[in-house]
Amino acid sequence: TILLIMYLARCSIQLEFYEREGNVVKISGPWKHAVGYALGLAPFRHQTHYDSILSPQFTDLAQYQHTPLDEFIDALCEHFTKYQRYVDGAPEIVPTPKQKAFLKRLLCAQEPFHFSEVGSGKTKVILPLLCQTFLSNNAEAHERLRRGGKHKDTLFVLVPEHLVHDARNQVYRYCLNINFGDAADYRVYDDIFALKHLNVQFSSFAKQIFVSSFNQLKKALTDDEICRKIHPHREHILVVIDEVDDFLDRDKLVFNICSNKNSAFEKSTLDLFLSVCRAAYGQDADDCKMSESSWASSSNPEHWNELYIKCRVIYGEIQDASRSINKSFGIFNEDSLRHYQSNITHDVEGYKSLIARPYESVNRAMPGSYFADSERTIFLTYVILSEDIGKYDELFQAERKFISYDYWLEHFVHFLEFDDLVYGHERLSDICAKQPGIKHGLIGFLFEIILRKMEIRDKARACNSIDVIFNFDCVGFTGTPFIDNYPTAEYIRAARRDNIAQLIDHSFYAHTSEKLSTPE
């Protein structure tokens, strides 16, 4: 139990010690001393009895601080065998000379990415050895891990999604028992999003390893809270990438994320949106004049007038494209895009063939999407309410109880009893079919509800694999040779202009197009 608690204290688990709760004593006697020792609490930290029992369970790498790199790698591989099951008196896995040479090449080579054949033990041998090297204090190894930059105190281990579980197990298996006592100041986190926790901070005094998938890291790098921690510390971070060819696959390169926030329109703004949409829809001349006068007296009439012109263009396109709003619902062009201030891509030609749709299907719009224009969405929602109000039967049934008495007096008193409208069960579409004069007020009621429920795009973010290798010092390996090496942070930092080393000697491979003779 003591050993387990010591391991847990090195993981992404926050352990707290409570001796008593109120007047109730929770723990006492030998267990109190044992748990306090395992957590490293001051009164119980140094107990020679426990030290003599538990210290042999840990691998002491602190003794190799000044050992030459070759000797250190040999010692590391010798310790590696102690983690293995023994079969016929021999450890199941023994690092080979080729694996030792590959580990040294990862540490010493200038190029960041390296090839090793499939099945050569990259995940089960090389990755844990690299993590142990990072957790050691070997001076030469850490000088190499700097890669021309600052001292590294944080390791990001990136693997494809399907290898996360295995990589996490390997790191836990080989890295939770490195060094004993005060020499072991490090944490291993199984989730990069642990960085969102207040207590997880970067520190030059404590090493940290984060195991993550490719996309989880990219997603984390779109999070403001995490980026505020990472950005000032990124030169102290080393990124280790397994299956680096997959990480740089063109089809998987970019991770996009779009966050939304609930709209916070004031009542006066909602009324102005309704006035503009009514005027742009333009079914009744009196309505148009009344609507135009409402925004003329607003604090920014130019804004609302521009929006009116834009909505008129959209309405014209609806009629030109099709009278059936379910088939073709507006086409983008310069006029209908001009008023919306956002970072959507104004690829007008690309948008002309796209179909816009009402709010219900667009509440989470990606940047560059033809759903991303919230003003267009608002107007198209008004059009749907006007031409196909039956789509909102369910919404009306859920919200009708919120119709106020004053609103009923203003819009419905001559058509329907208050109780029948507010507490009845007749469908919205049936009410409008029987009492057409009631539709005007019901559209206004539902329009305000929809706009309050509507989500507006807050921020759009994207993270590219190239962003990662340009901004962090990286080491990567793969069993697929046909990718190019990249200029990583070290090349950029040093302003190097020399040729980047090849990942593999391509002259080894023969291609049909070369038309070589049989001996060649």
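Begin with the whole chain shown as a surface. The chain exposes about 26800 Å², of which carbon and sulfur atoms supply 51%; accessible areas come from the Shrake-Rupley method with a 1.4 Å probe, and for residues only the protein chains shown count as cover. This is a predicted model, in which local features need pLDDT of at least 70 and side-chain atom pairs count only at pLDDT 80 or more, while totals for chains, interfaces and linings use all residues. Residues are numbered from 1 along each chain as its sequence is written, and side-chain values use heavy atoms, with hydrogens and water left out.

The chain has 24 helices and 12 strands, taken as DSSP runs numbered from the N terminus (helices H or I, at least four residues; strands E, at least two). Of the 520 residues, 48% are buried (under 20% relative accessible area, with exposed over 50% and partly exposed in between; 1.4 Å probe, protein chains only).

Next, select N177, in the loop between α8 (164–175) and β7 (186–189). N177 is buried, at 9% relative accessibility. Its side chain makes a polar contact with the side chain of Y83 at 2.8 Å (a pair of N or O atoms within 3.5 Å; within protein, one must be able to donate a hydrogen and the other to accept it, and residues adjacent in sequence count only if both atoms are side-chain atoms). A polar atom of the N177 side chain also lies 3.2 Å from the backbone oxygen of Q57.

Turn now to the aromatic rings. The chain holds 20 aromatic pairs, counted for rings of Phe, Tyr and Trp (its six-membered ring) with centres within 6.5 Å; planes under 30 degrees apart are stacked, over 60 edge-to-face and the rest tilted. Select Y281 and Y315: their ring centres are 5.3 Å apart and their planes stand at 70 degrees, so the pair is edge-to-face. Y281 belongs to helix α12 (residues 267–281) and Y315 to helix α14 (residues 301–321), so this pair ties together parts 34 residues apart in sequence. Y281 is buried at 9% relative accessible area, and Y315 is buried at 12%.

Move to Y405 and W408, whose ring centres are 5.4 Å apart with planes at 35 degrees, so the pair is tilted. These residues are three apart in helix α19 (residues 405–411), about one helical turn. Y405 is partly exposed at 45% relative accessibility, whereas W408 is buried at 8%.

Finally, select F156, Y189, F210 and F472, which ring pairs link into a cluster.
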